[in-house]
Amino acid sequence: MAALTLSPNLATWAIAALATLGVIVRPFSWPEAIWAVAGALALVLLGLLPAGTAWEGVLKGTDVYLFLVGMMLMSEVARKEGLFDWLAGIAVRTAKGSATRLFTLVYLVGTVVTVFLSNDACAVVLTPAVYAATRAAKVDNPLPYLFICAFIANAASFVLPISNPANLVVFAEHMPPLTRWLALFGLPSLLAIGTTYLVLRLTQNGTLRQQSVATDVEAKALSRTGIVAGLGIVATGAVLIGASALGRDLGLPTFVAGLATTLIVLALRKGSGTVEVIKDVSWSVLPLVAGLFVLVEALEKTGVLAMVADALKQAATAAPTETAWGAGALIAFACNLVNNLPAGLIAGAAVQAAHVPEKVAGAVLIGVDLGPNLSVTGSLATILWLTAIRREGQDVSFWSFLKLGALVMPPALALALAGLLLV
């Protein structure tokens with residue numbers, strides 16, 4: 001009987017592992033979404049997961065889909081209306097010919113965007129703006145600046161509860177008040193952001209020294225529709241902070257703000273460009289996320305959640321500080337094996353079920369948020385970043401990102417956990 005019970009679970013784990021491997025490796029250069037959706041379909045077709053349960057898993061991602069659609073619409077409109085080119089011109093003129101000054105400027109802007117608009121928004125909104133800046137600056141290699149968008153999106157994602165939707169998953173209804181949140185995560189955030197900057201700067205110094213940055217960038221006026229797009233992004237940041245303060249989901253407000261901004265801009269353009277906006281949004285991200293939610297749903301049915309919650313509760317009762325260190329490090333690396341979206345969902349549910357101390361939950365959250373800086377498939381934000389740079393004709397392989405991530409992530413994670421647990 002044990003074998004009969006175990007076999008479906010092993011098959012579920014094997015399919016989930018193969019689907020995740022497909023997302024990471026992308027055999028035949030097929031998009032990540034194909035492998036996630038294929039894994040989800042295989043689970044249903046082989047009778048390992050009822051279709052109704054799979055659909056429930058898809059529906060659990062509704063808030064994420066709404067958030068992404070709102071952000072992607074807004075980003076696409078802003079890009080087409082020249083907002084990013086306008087901002088790029090300002091950044092390049094401010095850099096005054098210095099590659100390192102431009103690097104630091106991009107890092108500071110990336111931090112602000114992540115803190116107030118979330119890590120996913122940083123990947124979707126900032127990446128095309130940074131690429132536009134490097135094009136305006138006429139730099140030979142834009143990757144040092146593009147890397148910033150990927151790494152800061154994760155490093156600054158626990159400054160505020162809204163800085164990463166995963167934060168809401170981990171704490172759920174036990175979300176600390178903002179003052180308590182800042183007391184818990186203020187120092188770890190500073191250490192993570194500062195360490196990530198230092199390591200990135202050191203690793204990119206050789207390339208930056210060889211870069212020349214143009215100074216003769218013409219100042220162009222921003223169009224009326226570009227101003228509307230910019231105001232839409234600023235208003236969305238305010239809406240997200242308000243929604244978080246009220247304890248509301250972030251997806252619907254973001255979707256409404258993004259759709260409203262898009263419709264106003266298209267109305268001002270009298271409908272011109274509607275087809276191009278719809279066509280150029282990266283819709284493939286949605287089935288990718290849906291597929292990952294189904295895989296998590298299937299893994300939960302194997303009993304992994306109860307097993308993790310029991311182990312976490314026992315360890316946290318016996319040695320809370322050591323458990324916090326171990327859980328933070330373990331989940332950080334696990335995020336790179338299965339992506340931090342499914343890992344965060346399982347870890348968040350386990351934290352809630354185990355009723356662990358606040359600092360253990362905080363360490364898990366830091367692991368979920370910061371751990372993905374190790375690999376290019378560690379977080380949804382990094383996958384969105386990869387999609388964005390491919391649209392601009394750039395690409396970074398799994399191994400190239402891993403070599404850089406292995407230098408950037410571990411020291412930032414160790415110091416952030418130390419800031420949480422030792423102070």
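**View 1. Right-handed crossing of helices H11 and H12 in the predicted model**. H11 spans residues 224-245 and H12 spans residues 251-268; the two pack at an angle of about 165 degrees, with their axes 9 Å apart. Angles over 145 degrees count as roughly antiparallel, and H11 and H12 are therefore roughly antiparallel to each other.

**View 2. Residues in the contact of H11 with H12**. From H11, the contact takes in Arg224, Thr225, Val228, Ala229, Gly232, Thr236, Val239, Leu240 and Ala243. On H12 they meet Pro253, Thr254, Ala257, Thr261, Ile264, Val265 and Leu268. By class, the contact residues are 10 nonpolar, five polar and one charged.

**View 3. The largest pocket, with a volume of about 1000 Å³**. Its lining has 44 residues, and Asp63, Pro165, Ala166, Leu168 and Val169 lie nearest the centre. Elements that give two or more residues to this lining include H4 (62-80), H7 (119-137), H9 (165-171) and H11. H17 (340-354) is also one of these elements, and the largest share, seven residues, comes from H17. The lining divides into 26 nonpolar, 11 polar and seven charged residues.

**View 4. The second largest pocket, with a volume of about 700 Å³**. Val308, Ile331, Ala334, Ala343 and Ile346 are the closest to its centre among the 27 lining residues. Two or more residues each come from H1 (2-25), H14, H15 (304-318), H16 (320-338) and H17. H16 gives the largest share, eight residues. The lining of the second largest pocket holds 24 nonpolar and three polar residues, and no charged ones.

Methods. Residues are numbered from 1 along each chain as its sequence is written. This is a predicted model: local features need pLDDT of at least 70, side-chain atom pairs count only at pLDDT 80 or more; totals for chains, interfaces and linings use all residues. Side-chain values use heavy atoms; hydrogens and water are left out. Axes are lines fitted to C-alpha atoms, for helices over the stretch in contact, and angles run from 0 to 180 degrees between N-to-C directions. Helices (H or I, at least four residues) and strands (E, at least two) are DSSP runs, numbered from the N terminus. Angles under 35 degrees count as roughly parallel, over 145 as roughly antiparallel, 65 to 115 as roughly perpendicular and the rest as oblique. A crossing is left-handed if the near helix is turned anticlockwise from the far one by less than a right angle, and right-handed if clockwise. Contact means heavy atoms within 4.5 Å. Ala, Val, Leu, Ile, Met, Phe, Trp, Tyr, Cys and Pro count as nonpolar, Asp, Glu, Lys and Arg as charged, and the others, Gly among them, as polar. On a 1 Å grid over the protein atoms alone, a cavity is a set of points where a 1.4 Å probe fits but cannot get out, and a pocket is an open set with protein on both sides within 12 Å along at least five of seven lines; lining residues have an atom within 4 Å of a point. Grid points are joined across faces, edges and corners, and a volume is the space filled by probe spheres set on the points.
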